[in-house]
Amino acid sequence: MKILTHKQILPYFAITLLAIHSSCDTLNHTLNTTAGVLTGNENKLTNDEVIAGLKEALTVGTNNSAALASAVDGFYKNPRLFIPFPPEAQKVKEKAEQLGMNAQVDKFVMTLNRGAEEACKEAAPVFIGAIKGMSISDGFNILNGPENAATKYLEEKTSGELYSTFKPKVKTALEKVELTKYWNPIITRYNQVVTLTGGEKMNPDLDDYATKGAIKGLFVLIADEEQKIRKDPVARVSDILKKVFGSLDKQ
């Protein structure tokens, strides 16, 4: 085997170093381009800045959403969040109205929405846990993902916990506003009538229904907040939000 001298090896070594250096430059450029985080003056956002900006955006968005949802009439007078009479019990509603129980039906629906409003007061700690657990990968997926990427991230991370947290609160809230006071006469009268005619009795799980309605409505508002921060510079209320989401404006 032929052994090369140091003078013969040196050119090969230099070429190898250049190739490694070039590969590293290419990799760094690709990462920065993929992240889409170059600002107009070529200052690069660090991973820490991106994650900090996204965590703040999610915190602002979820706090605003929870505040709107938990306000009096946050559900009841918002057509987009309003929880109607349970669709599976529509026959109950129709029969109750035929029996002159319109006022009871209206009061029942209002108390359903009051339960959802009360439950949304418990949302903040659940969201904080998910936001704190955000990884760098999660952050870049949200930043460069579709316009509802942050909302979908929170839905995936919190829906189960929101349900288990909200349901007992909904139950307590519905008891507090005396839901059964308005529901029991309606469902009792309905079941009396259908028993005489051979129909099927009903009594849907109202706690489950109101809980799912509360969660659905809350995410409608979170999606609105995400759109504001992504599209409206005025909604970027801090320097880090301006820097991170302003980078998207320049892409």
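Let me start with the aromatic cluster, in which ring pairs link F85, F108 and W183. A pair here joins rings of Phe, Tyr and Trp, taking the six-membered ring of Trp, whose centres lie within 6.5 Å, and planes under 30 degrees apart count as stacked, over 60 as edge-to-face and the rest as tilted. In general, a pair of aromatic rings is described by the distance of the centres and the angle of the planes.

Before I go on, please keep in mind that this is a predicted model, in which local features need a pLDDT of at least 70 and side-chain atom pairs count only at pLDDT 80 or more, while totals for chains, interfaces and linings use all residues. Residues are numbered from 1 along each chain as its sequence is written, and side-chain values use heavy atoms, with hydrogens and water left out.

By the ring rule, the count comes to five aromatic pairs. In one of them, the rings of F85 and W183 have centres 6.0 Å apart and planes at 50 degrees, so the pair is tilted. F85 sits in the loop between α2 and α3, whereas W183 belongs to helix α8 (residues 179–197), so this pair ties together parts that are 98 residues apart in sequence.

A second pair is F127 with F219, where the ring centres are 6.1 Å apart and the planes stand at 85 degrees, so the arrangement is edge-to-face. Since F127 lies in helix α5 (residues 123–132) and F219 in helix α9, this pair ties together parts that are 92 residues apart in sequence. F127 is buried at a relative accessible area of 1%, and F219 counts as buried at 6%. Leaving aside neighbours within four places in sequence, F127 is in contact, meaning heavy atoms within 4.5 Å, with T62, L154, T158, L162, L218, F219 and I222.

That brings me to the core around these residues. What is a nonpolar core here? It is a set of buried Ala, Val, Leu, Ile, Met, Phe, Trp, Tyr and Cys residues joined through side-chain atoms within 4.5 Å. The largest one has 57 residues, and F108, F127, L154 and F166 touch the most other members. Helix α9 (residues 206–231) gives the most to this core, with nine residues.

Helix α9 also holds D207, which counts as buried at 17% relative accessibility. Apart from neighbours within four places in sequence, D207 is in contact with K167, V170, K171 and L174.

Most residues other than glycine have a negative phi, yet D73, which is not a glycine, has a positive phi of about 75 degrees.

Finally, the overall picture: the protein has 10 helices and zero strands, and buried residues make up 39% of its 251 residues. The average pLDDT, the predictor's confidence in each residue from 0 to 100, is 78, and 77% of the residues score at least 70. Over residues 1–42 the pLDDT is below 50, although this stretch has 25 contacts in the model beyond near neighbours in sequence.

Terms used. Buried means under 20% relative accessible area, exposed over 50%, partly exposed in between (1.4 Å probe, protein chains only). Helices (H or I, at least four residues) and strands (E, at least two) are DSSP runs, numbered from the N terminus.
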